[in-house]
Structure formats: C-alpha cells, structure tokens
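Reader: Hi! Could you walk me through this one? I'd like to start with what handedness means when two helices cross.
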Amino acid sequence: MQRLAEQVRRQVSSFNAQNCSMTAWAFSTLRHYDAALFEALLQQLAGQLPGNVEPRNISNSLWALARMGHPLGAHAEPLAAAARQLLPRMSQQELCNTVWALGVLGQLDWDTWQQFCACLGKLPGALLQGARCHLERSYVWRHGLSN
C-alpha cells in the first residue's frame with residue numbers, strides 16, 4: 001500500500017476535485033494513512049476552491065480527512081466555507097457525513113449547524129428520519145455518550 005501511496009502522491013498535481021475526494025476516500029476506507037499523500041490531496045483540493053467542486057467532493061474529502069484524523073491546517077476555513085456553501089445541494093448522506101466530519105475536525109460552528117438543520121428540514125419525511133438517526137448515532141459516538 002505504501003508504494004501505491006507514493007505513486008499516487010506523485011500524480012496528485014494533475015487531479016481534479018473528484019480525483020482528490022475519491023483517492024482520499026479510498027485510502028481512508030482501506031485505513032491506510034500516509035500523511036504526505038493526504039496533505040497533497042488536501043492542498044490540491046483546496047487549490048480548486050470554490051471552482052467546480054461538487055458537494056460529494058467536499059463531503060467525501062472531509063469524511064476521509066476526519067476518519068484518518070488529518071488536520072486541515074491552513075485549509076480549514078476555505079474547506080469549511082465551501083462545505084457551508086454546498087450544504088443546500090447535498091444529499092442526506094453528504095449532509096450527515098459533512099457535518100460529522102466538520103465536528104470531528106473542530107470546524108462545526110453554530111451557523112453551520114443551523115444551516116445543516118434547515119437543509120435537513122427540507123428532506124422528504126423518510127429521508128429526514130434516516131438522517132436524524134444517522135446524525136444521532138454520530139453525535140452519541142463522537143461525544144462518548146453511549147454505554
């Protein structure tokens with residue numbers, strides 16, 4: 001896996017936002033953390049903001065970075081701002097993953113939380129119920145409130 005990470009890192013400068021998000025998602029899903037690779041992906045993605053970045057690109061990237069515990073550093077504000085801007089266009093899964101990731105990464109402020117709640121309120125009933133359950137599980141897990 002390390003050889004693959006090194007090879008990918010050499011190619012990151014040619015990646016678009018979708019390439020960055022899917023690569024971060026894949027390495028995170030495989031639980032392979034290479035700090036230099038994640039930093040290169042983060043820098044490449046941040047360099048494309050606000051641009052033509054789709055909601056799933058921000059959502060998947062933030063989720064992967066949070067899952068691996070990679071700090072956003074100087075890119076925190078641009079990524080958080082992009083996430084806030086894209087919240088109204090996100091699916092249920094993207095909304096929940098983004099808010100969870102922002103919380104884990106220490107970037108979830110009250111205004112973003114309020115915007116998230118407003119976006120959830122616009123989802124159809126069944127989707128809204130699923131999102132609430134997903135969010136409650138994430139919140140309980142994140143704050144160590146479960147038994």
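Author: Happy to! A crossing is called left-handed if the near helix is turned anticlockwise from the far one by less than a right angle, and right-handed if clockwise. Keep in mind that this is a predicted model.

Reader: Great. Which hand does the crossing of H2 and H4 have?
Author: The crossing of H2 and H4 is left-handed.

Reader: And at what angle do the axes of H2 and H4 cross?
Author: Roughly 30°, with the axes of H2 (residues 17-29) and H4 (residues 55-68) coming within 8 Å. Angles under 35 degrees count as roughly parallel, so H2 is roughly parallel to H4.

Reader: Which residues make the contact?
Author: On the H2 side they include Ala17, Cys20, Met22, Trp25 and Thr29, while H4 brings, among others, Arg56, Asn60, Trp63, Arg67 and Met68. By class, the contact of H2 with H4 has eight nonpolar, seven polar and two charged residues.

Reader: Let's take Arg67. What is Arg67 in contact with, beyond its neighbours within four places in sequence?
Author: Ser28, Thr29, Arg31 and Trp100. Arg67 also has its C-alpha 7.7 Å from that of Ala101, though 34 residues separate the two in sequence.

Reader: Is Arg67 buried or partly exposed?
Author: Arg67 is partly exposed, because its relative accessible area is 26%.

Technical notes
Residues numbered from 1 in each chain as written. Predicted model: local features only at pLDDT ≥ 70, side-chain atom pairs only at ≥ 80, totals over all residues. Heavy atoms only, no water. Axes fitted to C-alpha atoms, helices over the stretch in contact; angles between N-to-C directions. Helix = DSSP H or I, 4+ residues; strand = E, 2+ residues; numbered from the N terminus. Parallel < 35°, antiparallel > 145°, perpendicular 65-115°, else oblique. Contact = heavy atoms within 4.5 Å. Nonpolar A, V, L, I, M, F, W, Y, C, P; charged D, E, K, R; others polar. Buried < 20%, exposed > 50% of the residue type's maximum accessible area, 1.4 Å probe, protein only.
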